[in-house]
Amino acid sequence: MTDVQLWLSAAEVGCFFGLLALAYLLILEGAGFFNFALGPYAMVAGLGTTWLVIEKELSLWPAVAVAVLIVVALAAVTELLVVRPIEARTGGNELSALVAVAAILFAVEQGAGYVFGRRQLPGQLLVRFDPIEIGDAFLQPSAALLLAVTVVVFVAVAAWLRLGGTGRLLRAIGDNKEAAAVLGLPVSRARLTAFVIGGLVAAAAGLLYAPKAGVGFESGLTWTLNGFLALVVGGTGTVWAPLIGGLLVGGVQVFVPYYLGSAAPNYVILGIALVFFAFRPEGLFSRRIRT
Amino acid sequence: MTAVTPEVGGTAGGSSAGGPAAGPPGTRGTGVRVWPPLGLAAVVAALLLVWVGSNGYRQDLGVLAATYALIALGMYVPFVMAGSLSLAYSAYAGIGAYAVGIVSRDTGWPLWVGWLAAPLVSAALAVVLGLATRRLSGFYLGAVTLLFATAFETWLVDADGITDGSRGIGGIRNLSVFGWSPDRSQQLIMATVLVLAVAFALDRLRQSPWGVLVRTMREVPAVVEATGVRVPVLNLVALGIGAGIASLGGCLFASFVRGVTPETFTVNIVFLAIFMPLIGGVGTPWGAVVGALVVVELTLNFPAFSDSGTLVLSLGVLVILLVAPRGLLGYLDALRNRLAAGPLTGLLPRSSPGSSSPAGRSSDG
Amino acid sequence: MRNPKRSLLALLIAASLVAAGCGGDDDDGGSGDSDGAEIGSGETENMPEGEPIIIGMDLDSTGPGASYSVIAGQTIEDAVEQINEDGGILGRPVRLVTENDESDPTRTPSIVRRLLDEHDADVLLLQSAGAAVQQAKSVLQEAGVPAIAPTSISQSIAEPPDNDFIYVLANPISDFVEVYCGAFEAADIETLAIMSDSSSTIAGVNDLLLPGLNDCVDIVAQEEADVDASDVNAQIARIADEDPDAVLVSSVGGNFEVVAQNTLYQQMPDVTRFSLASIGNQPETWDLANPGALEGLIYMASIDPSNPRTQELEEFLEPRRDDDWQMTAYDAQAYDSVYLLRQAIEDAGTADDPVAINEALQAIEGYEAHFGQEGFTISYGPDKHIGSDGLCGLSLVQFDADNRPSEPWDEYQPPC
């Protein structure tokens, strides 16, 4: 475990999963819903940007803006047109919600394959500078940006949840949905905000991770699962828990193949999932004052 | 959480073929309505077989539809009946296909040995996975079973000695039953009969006392526990039966196509298999069969949707979830009742998709 | 539908369904991407009249092999168009019908049957992954219709069983082994590490490649990762631990090759790197590599810019492509496949007798290919279904500091 390059890789992968897990957490707090479509959102941000640049010959930053807007729209549509009506009809039945979110996941994936094409495309580099040398290892510009943005996003979200009006509302709803509704808090507005902010975080994650190895329309499902796992491992106790979970899952993804061979991470991840889901579904960091 | 009528369950009672919406579902299984669905399905199947004829490509489509139907029927058991959404069905279908492939490659035994072994192996695996995940439900169960499906795919590539790695097993022998090897047309007819038989059996099972018990369990487990039945055991049995049926789909596909690779049954098939009963109608196992036909037609045989078949399909499923939760058969049925019973009946609550139908509350009996 | 919000939603989704159903499918790679797409009928003035001859093509334009199949498919379309402009074959127009098996071997037989039964194809082109084409063999044998796999390099495709109706053009992997071994000897390479993707195509290639390489070099490490792997640092670190003289990346190319080469360049900057043919034939991937990351990489090229026929083809294709287009061996092999089929049909004197076309294909001798070195030819026979006549369909080419293939490698070149 002395190879610096592997640690850098683990950090990069881990930050990506951490951002996805943070997006899960936001939507879970605000709407009590695991949005499995987050992975495909991230995919749309990465793949869409490249497609706009390569196929539509848009310049980089407008392409980024359009792709992120598409993700925000998808997130809002998920909440307003699908999740909310179905929850209203079924009284919040979890099975129906899961089927609905599976349909959304699949629809976003197939829609991206249809619109952007089914080829794997490279991610767009948002910044260009020489790789940073650390010992005998290199930190690529895209990785450096991902690490930096991860820190900024986590600090910003933590501050928002503590200080911002809507942020505090979100936490209140996350603590007790029924009470929040009885108190007359604007629950629907907070839900929509949660979906949109979660979508934005996922979009940033996808956009920044895409340069690492490109992105294809089917990348979303693996991202969804790894992000979810990072959330479950980290827990929902603090805003920082998803980052810890993400880094742990990222470490597994990088170090397990080094020691145990290429196929091992999938088994180890399944094992971790089974252990955590069965024995500690609340994750490493749980909030104790929950009703 | 209190016993809310789940969406799928709310329609499960109300939309099955025929009968006014009253009483718990178990009481409606009278002889009169046993045969019409099977008879109707047999007629439709026969017409489809005539359409296929000896066209090799249509035979492939037919077998694919039968494969999808078996996987969807397998998933139907725990999903619609017991309310647990396991997403590992690509693995069970894969086990079926590889069982046939391995029997063909490594032994001199007839292929149907694989057909017998696969459901047992799949059921056993489903029970083990069910035990490992017995405390999970909803999203957690969905995620962990999906992770299992991905890990299984990796294993298929990785276990070179057993599965021949990413090359897969090709050149599978022809199916032969006691010296008789059916040609492709005959195999398709046998596949069709198998699907009809499984759907019919599940329909009967659904209405049997056991089926009522399982469906009650998903809505109010406490009631079932009170009768002395262990809910976890019931759940495991449902998972095992479902996995066994799905693996038959894999056996069928590998025997007919005479090859299997790790990419034959990916997690995509799991999504399609969730959608099939929704499209056809969750009220009856026949819905899964109808859904399989729709999926094959949309994704493979509909020229206008050549590239967008799966997209149209997934959007269509969203629409169905939102505005037509009873699926195609549910609506055909409602239409038929309306026509049969006159305009007044059509105004009864069960025709409105949003409200929970009285029959759905089967648990109050 | 009492709920207004719900009806609005239904309307919206219905509208998007219509849009999806009718929307253009021309955004990602031309008409080759849509099932059953047809080109080459009624486009030019001097189109020949009469019943068209139908070439059925299985093109995996969306699977793992898409990165090279799209290139080949486009050139096949151009070749068909050119033939039609020249008066067709036997005075009849040629129509190309395309289906897509997505490189999925279990779908290939259905796709081939569809081309034969639904589209009545007279001859076939199988531009798909090796494992997929393998599955088509028994269908071809049953139907008795000849097919060419234009860019395939798996010799097992053209070998028994069921090989009476299938043909490949290029040098098979057994020739690759000979060339690599010659190169290793020339450069004093004694230990080799292999980095593979886990696709079925590469599994098939490695089955043929590695036993041969094992005879001339010591394979000290063999690592593998998913085709869509985003990080192979762990695998490369394991390779670096073994300190091999050279590393061979065996992949279908695309992103995987780029990620592998980037990582190798970073972790093992001084090791000699070899690759299969893919990277050199995929110009769109060169810019995805980090600056300079491909420098020194030696790959198996099948194109020689000094071959006059190669130049001729380049002149034909250039006006039909983007400004930054680069001709690849896939273009030439795709082009030659169509012309080999034309020659066979003309020699047979009919397009309606597949067995006669098959016999005519087997009689082709010394066809001068548009790839390989100048003296390179293609011949078939009843027992020779691999077209290449000799090693000089291949050459070893090295990438320069701009991530572009430049000079033939000066330490070793395959003899003609």
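Student: In which sense, left-handed or right-handed, does α3(A) cross α14(B)?

Tutor: One point comes before the answer: this is a predicted model. In it, the crossing of α3(A) over α14(B) is left-handed. The axis of α3(A) and that of helix α14, residues 309-323 of chain B, come within 9 Å of each other, and they cross at roughly 35°.

The residues at this crossing can be named. From α3(A) come V82(A), P85(A) and I86(A), and they meet L318(B), L321(B) and L322(B) of α14(B). Sorted by class, this contact has 6 nonpolar residues, with no polar and no charged ones. An α-helix has 3.6 residues a turn, so residues three or four places apart point the same way.

Now consider α14(B) by itself.

The crossing may next be set beside the contact between the two chains as a whole. Here 35 residues of chain A are in contact with 38 residues of chain B. On the side of chain A that touches chain B, at least two residues each are supplied by α3, α4 (94-116), α9 (219-234) and α11 (264-279) of chain A. Of the elements on this side, α4(A) gives the most, with 14 residues. By class, the residues of this side divide into 26 nonpolar, 7 polar and 2 charged.

Chain A also touches chain C. That contact takes 25 residues from chain A and 26 residues from chain C. On this side of chain A, the elements that give two or more residues are α1 (4-31), α3 (60-90), α8 (187-213) and α10 (241-260). The side of chain A that touches chain C has 12 nonpolar, 8 polar and 5 charged residues.

Finally, chain C itself may be described. It has 12 helices and 15 strands, and 59% of its 416 residues count as buried. Among its contacts with a separation of 6 or more, 71% are between residues 24 or more positions apart. In chain C, 7 strands form an open sheet with mixed pairing, in the order β8-β7-β9-β10-β11-β14-β15. Its edge strands are β8 (218-225) and β15 (405-408) of chain C, each of which pairs on one side only. From one strand to the next, the twist averages 30°. Strand β14 of chain C, residues 395-399, runs antiparallel to β15(C) and is joined to it by 2 bridges. Within this pair, V397(C) has P408(C) in β15(C) as its bridge partner. Helix α8 of chain C, residues 254-267, packs on the sheet, where it touches β7 (191-197), β9 (246-250) and β10 (272-275) of chain C. The direction of this helix makes about 165° with that of β9(C).

Technical notes:
Residues numbered from 1 in each chain as written. Chains lettered and ligands numbered in written order. Predicted model: local features only at pLDDT ≥ 70, side-chain atom pairs only at ≥ 80, totals over all residues. Contact = placed C-beta atoms within 7 Å. Helix = DSSP H or I, 4+ residues; strand = E, 2+ residues; numbered from the N terminus. Nonpolar A, V, L, I, M, F, W, Y, C, P; charged D, E, K, R; others polar. Buried ≥ 20, exposed ≤ 12 C-beta atoms within 10 Å, placed from the backbone. Axes fitted to C-alpha atoms, helices over the stretch in contact; angles between N-to-C directions. Left-handed = near helix turned anticlockwise from the far one by under 90°. Pairing = 2+ DSSP bridges.
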